[in-house]
Amino acid sequence: MTDSVLPRPRTSIILVAAGSGTRLAAGGPKAFVGIDEHSILHHALSGVLAGPLAQIVVVVPADRIGDARTEVDALAGARRDLIRIVAGGSTRQQSVSAGLAAVWPDVEFVLVHDAARALTPPDVFARVVAALEDGRDAVLPVLPVVDTLKRVDGQDVVEAVDRSVLASAQTPQGFRRAVLLAALAEATEDHTDDAAAVQAAGHPVTTVAGDERSFKITTPADLDRARSLLGHARAEGAEEAAALPRVGIGTDVHAFGGEGTLWLAGVEWPGEQALHGHSDGDAVAHAIVDAVLAAAGLGDIGEHFGIDQPQYAGAHAAAFLARTRHLVESAGFRIGNVSVQVQARRPRFATRRAEAERVLTAALGAPVSVSATTTDGLGFTGTGEGVAAFAVALVHPV
Ligand code: CTP
Ligand code: MG
């Protein structure tokens with residue numbers, strides 16, 4: 001069956017974006033200021049979406065919830081249901097608390113991230129989550145301090161400060177949910193970051209490596225730095241990405257027990273038992289669709305051919321593959337080839353393999369090779385309860 005239900009994540013990421021941006025002085029709330037054609041919030045959110053699977057709570061000024069919804073809808077795709085948008089408070093800590101109140105109750109880990117650190121790479125999120133999974137209560141990404149530091153009193157230098165014992169704190173900061181909740185509930189002062197509140201509550205905080213690109217956009221000079229980083233990345237990335245082919249994988253399983261005759265690999269098999277499914281149950285065609293969509297980064301079969309689309313009830317491979325080709329070509333790709341393997345005790349493919357390849361190739365507009373195997377009587381394919389198919393697809397950007 002093709003089912004695109006997402007697993008319920010163990011982690012929530014609170015993206016705080018409710019600040020006013022006084023120091024940036026761009027005439028409106030900082031998160032909605034453009035870096036390039038996209039806002040700080042847009043970049044921050046796409047970084048969060050590229051990290052580990054998590055519930056995401058976006059905290060914005062109360063009067064910008066509608067704008068935030070527009071950004072979320074433009075980016076989230078199938079993950080839309082994992083995202084909540086709530087109104088923030090007048091301090092960062094209040095905004096974090098507002099976000100925390102919207103976190104699912106069964107979540108174990110909470111990461112708090114400044115939207116102003118819009119260019120944070122996904123691996124920073126992964127490092128923080130890994131340390132939490134390792135059993136840490138509180139995790140802080142840091143960078144070593146590079147400048148020579150002095151303690152001053154007005155105009156006068158009092159003494160040099162040993163920078164080797166200092167680090168600069170970044171976000172996302174990660175916590176066991178209960179630890180953060182308790183620390184914020186008992187906080188008597190307003191902390192500028194969450195690790196400070198957790199430390200004040202007596203919990204040890206562990207560091208992991210931060211990243212230069214995680215700098216916080218605070219002043220107009222920071223905004224210029226973000227603009228120039230994005231400009232360079234685009235110039236370098238565009239050429240490379242455009243030239244590279246992309247692969248995708250797809251699998252599908254259907255049980256025997258459908259109505260009528262069997263349709264598999266795009267051909268009809270008179271006298272064979274039909275497969276069960278919303279469409280004709282053609283697991284081979286469905287695996288190909290998933291592989292091709294995945295290669296183009298276009299989601300999966302449930303998104304484009306779900307049971308809410310009545311035109312695909314009872315549809316055969318040709319309809320699925322022609323639409324897939326259209327979707328992928330509209331997104332700027334050409335299909336290179338597809339290789340699909342079917343695992344089934346019946347039907348016997350030996351005499352009809354070439355025919356199946358011809359039909360699938362014609363429908364997809366790219367070479368499809370089909371191979372078939374039995375599984376030595378093992379598993380559900382071996383006992384003949386159903387069939388499984390596995391496909392790999394290659395697409396080229398055009
Ligand atoms: N933040 C928030 N709610 C607040 C204050 C800050 O959600 N009441 C968020 C900001 O949106 C930002 C992060 O906390 O993503 C870090 O704060 P900061 O860089 O200080 O942003 P601002 O408070 O907006 O800027 P400024 O201090 O210059 O006004
Ligand atoms: Mg601030």
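Predicted model: local features only at pLDDT ≥ 70, side-chain atom pairs only at ≥ 80, totals over all residues.
Me: Let's begin with the ligand. Which backbone atom meets an oxygen atom of ligand 1, and at what distance?

Reply: For a polar contact, look for a pair of N or O atoms within 3.5 Å. Here a polar backbone atom of Ala 115 sits 3.2 Å from an oxygen atom of ligand 1. The protein also covers 88% of the 560 Å² of accessible area that ligand 1 has on its own.

Me: Which side chains have polar atoms by an oxygen atom of ligand 1, and how far away are they?

Reply: Take them one at a time. For Thr 22, an N or O atom of the side chain is 2.6 Å from a ligand 1 oxygen. For Lys 30, the distance from a polar side-chain atom to an oxygen of ligand 1 is 2.8 Å.

Me: Now a single residue. Is Gly 174 buried or exposed?

Reply: Compare its relative accessible area with the cut-off: under 20% is called buried. Gly 174 has a relative accessible area of 0%, so it is buried. You will find Gly 174 in strand β9, which runs over residues 173-176. Leaving aside residues up to four places away in sequence, Gly 174 touches several others, including Val 110, Leu 111, Val 128 and Asp 137.

Me: What about Thr 381: where does it lie, and is it buried or exposed?

Reply: Thr 381 belongs to helix α12, residues 379-382. Its relative accessibility is 5%, so Thr 381 counts as buried. Its side chain makes a polar contact of 2.9 Å with the side chain of Thr 375. Beyond residues up to four places away in sequence, the residues that Thr 381 touches include Gln 343, Arg 345 and Val 387.

Me: Finally, what does the whole chain look like in numbers, from secondary structure to burial?

Reply: Count the elements, then the burial. The protein chain has 12 helices and 15 strands, and 45% of its 398 residues are buried. The C-alpha trace spans about 90 × 45 × 40 Å along its principal axes. Of the contacts between residues at least 6 apart in sequence, 73% join residues at least 24 apart.

Note on methods: Residues numbered from 1 in each chain as written. Chains lettered and ligands numbered in written order. Heavy atoms only, no water. Helix = DSSP H or I, 4+ residues; strand = E, 2+ residues; numbered from the N terminus. Buried < 20%, exposed > 50% of the residue type's maximum accessible area, 1.4 Å probe, protein only. Polar contact = N/O pair within 3.5 Å; in protein donor to acceptor, adjacent residues only side chain to side chain. Contact = heavy atoms within 4.5 Å. Areas by Shrake-Rupley, 256 points an atom, 1.4 Å probe, with all protein chains shown as cover.
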